[in-house]
Amino acid sequence: MRDEKSYAKWVRGENGHLTKRYHAIDPAEHAVVCTCGRDDCHRARLLPLREHIAELYRVIRDIHEEEIAVCDPSRWESVLYGLRMAASIDDVEADTGYVEDPMVFALCEPTIDYEYGQSEMASKYVAAATIFNFLWQAYEATVSETASDELKRLIKEQRFGERGRRLLESRPELSQRFRGVSDLVKLALTHCRMGELMTERCERIEQKYGSSTLVAAAELAREFRNFLFHGGDESPGHEDWVDVAKSRCRIYRFYSVSVLILYLIQAMAWIDHESDDERTEYGSEDEALTPREIFERLQFKGPGIWPPLKGEMPATAAC
Ligand SMILES: [Zn+2]
């Protein structure tokens with residue numbers, strides 16, 4: 001019953017205790033979920049976002065333990081900082097009614113409900129945007145340290161988003177090694193389109209870079225970041241009052257683009273390591289993998305489950 005619906009963050013449960021009706025990071029788990037049920041679905045095997053970030057943090061820290069211990073500052077320090085901060089967010093509480101005169105809400109339940117609803121969306125928006133920003137920061141830090149003998153002018157001019165894309169453009173074979181990237185780029189583009197306000201940017205990306213490679217991922221992440229940075233975005237309205245798909249996608253796109261950024265950080269770290277680097281103990285079965293193999297698959301549950309790559313990967317149908 002609509003009348004009984006509560007929009008407040010804290011609600012009283014059957015046992016009489018107050019509990020949170022939602023957490024601001026809840027949409028992270030819904031944004032990239034797939035229920036197609038196929039055995040070879042990459043998206044269904046992705047770690048939840050927060051665990052993915054934490055896993056990448058641990059891998060970089062462990063592989064570079066020595067460098068981090070002896071170098072002051074280590075070149076991985078800023079990357080780890082961004083990842084740690086992004087993973088740290090548990091919940092966020094925003095109150096959009098703060099600027100109003102309290103009398104506005106006096107004895108007017110619809111107004112109170114509406115403000116609670118807007119505050120819920122603002123909380124989810126602030127959480128998503130903050131996580132995205134810390135991940136972008138980590139990505140820029142990784143790009144600035146990768147292949148330092150190439151594209152030096154872009155480092156000097158601090159054009160890291162462009163530099164990341166161009167490092168990948170000169171390595172087109174890399175996209176085949178990162179499973180699921182094609183499906184994820186398509187998903188992120190769909191979220192970006194349905195969330196509106198950046199349709200033209202999406203058209204440009206697809207026309208120039210397509211929608212299936214790490215290059216397209218890097219360009220979408222760069223465009224999305226610029227779109228936010230220049231104030232193009234708006235917090236969505238609550239889905240009970242506006243278009244449901246638009247409301248959800250305006251939050252989801254932060255997370256689908258964030259997953260792409262994690263892939264991009266992994267791709268940069270992949271470039272940074274030589275193919276004959278030492279094998280390391282990794283994964284639940286204590287299998288020996290090279291750092292490059294780890295960076296290709298750490299985003300999946302049970303990283304050892306995928307058969308080894310042989311030449312080109314078969315194209316995966318979007319799900
Ligand atoms: Zn699927």
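## Around Leu 151

Let's start in the loop between H5 and H6, where Leu 151 sits. This is a predicted model, and in it the phi of Leu 151 comes out near 45 degrees, a positive value in a residue other than glycine. Leu 151 has 25% relative accessibility, so it counts as partly exposed.

Thr 146 is found in the loop between H5 and H6 too. At 2% relative accessibility, Thr 146 counts as buried, because the cut-off for that label is under 20%. Setting aside residues up to four places away in sequence, Thr 146 touches Arg 163, Leu 167, Met 268, Ile 271 and Asp 272.

## Another positive phi

Leu 197 is not a glycine either, yet it has a positive phi of about 75 degrees. You'll find Leu 197 in the loop between helix H8 (181-194) and H9. With a relative accessible area of 40%, Leu 197 is partly exposed.

## Helix H7 and what covers it

Now for helix H7, which runs over residues 160-169. Eight of its ten residues are buried, so the helix is largely enclosed by the rest of the structure. Which residues of H7 are the buried ones? They are Phe 160, Gly 161, Glu 162, Arg 163, Gly 164, Arg 165, Leu 167 and Leu 168. The cover over them includes helix H5 (109-145), helix H6 (152-156), helix H9 (199-209), helix H10 (214-229) and H11.

Phe 160 belongs to helix H7 and counts as buried at 11% relative accessibility. Leaving out residues up to four places away in sequence, Phe 160 touches Glu 140, Val 143, Ser 144 and Ile 155.

## The nonpolar core

The largest nonpolar core holds 84 residues, and Leu 83, Leu 168 and Tyr 255 touch the most other members. Helix H11 (residues 244-272) supplies the largest share of this core, with 17 residues.

What does Leu 168 touch, not counting residues up to four places away in sequence? The list is Leu 174, Leu 214, Val 215, Ala 218, Leu 264, Ala 267, Met 268 and Ile 271. Leu 168 is also one of the buried residues of H7. Met 268 and Ile 271 turn up again among the residues that Thr 146 touches.

## The whole chain

Zooming out, the protein chain has twelve helices and four strands. Its C-alpha trace spans about 70 × 45 × 45 Å along the principal axes. How does the radius of gyration fit a compact globule? For 319 residues such a globule would have a value near 20 Å, and the chain has 21 Å, which agrees.

Of the 319 residues, 48% count as buried. Take the contacts between residues at least 6 apart in sequence: 71% of them join residues at least 24 apart. The accessible surface comes to about 16,200 Å², and 50% of that belongs to carbon and sulfur atoms.

Key. Residues are numbered from 1 along each chain as its sequence is written. This is a predicted model: local features need pLDDT of at least 70, side-chain atom pairs count only at pLDDT 80 or more; totals for chains, interfaces and linings use all residues. Side-chain values use heavy atoms; hydrogens and water are left out. A nonpolar core is a set of buried Ala, Val, Leu, Ile, Met, Phe, Trp, Tyr and Cys residues joined through side-chain atoms within 4.5 Å. Buried means under 20% relative accessible area, exposed over 50%, partly exposed in between (1.4 Å probe, protein chains only). Helices (H or I, at least four residues) and strands (E, at least two) are DSSP runs, numbered from the N terminus. Contact means heavy atoms within 4.5 Å. The radius of gyration is taken over C-alpha atoms; the globule rule is 2.2 Å times the number of residues to the power 0.38. Accessible areas come from the Shrake-Rupley method with a 1.4 Å probe; for residues, only the protein chains shown count as cover.
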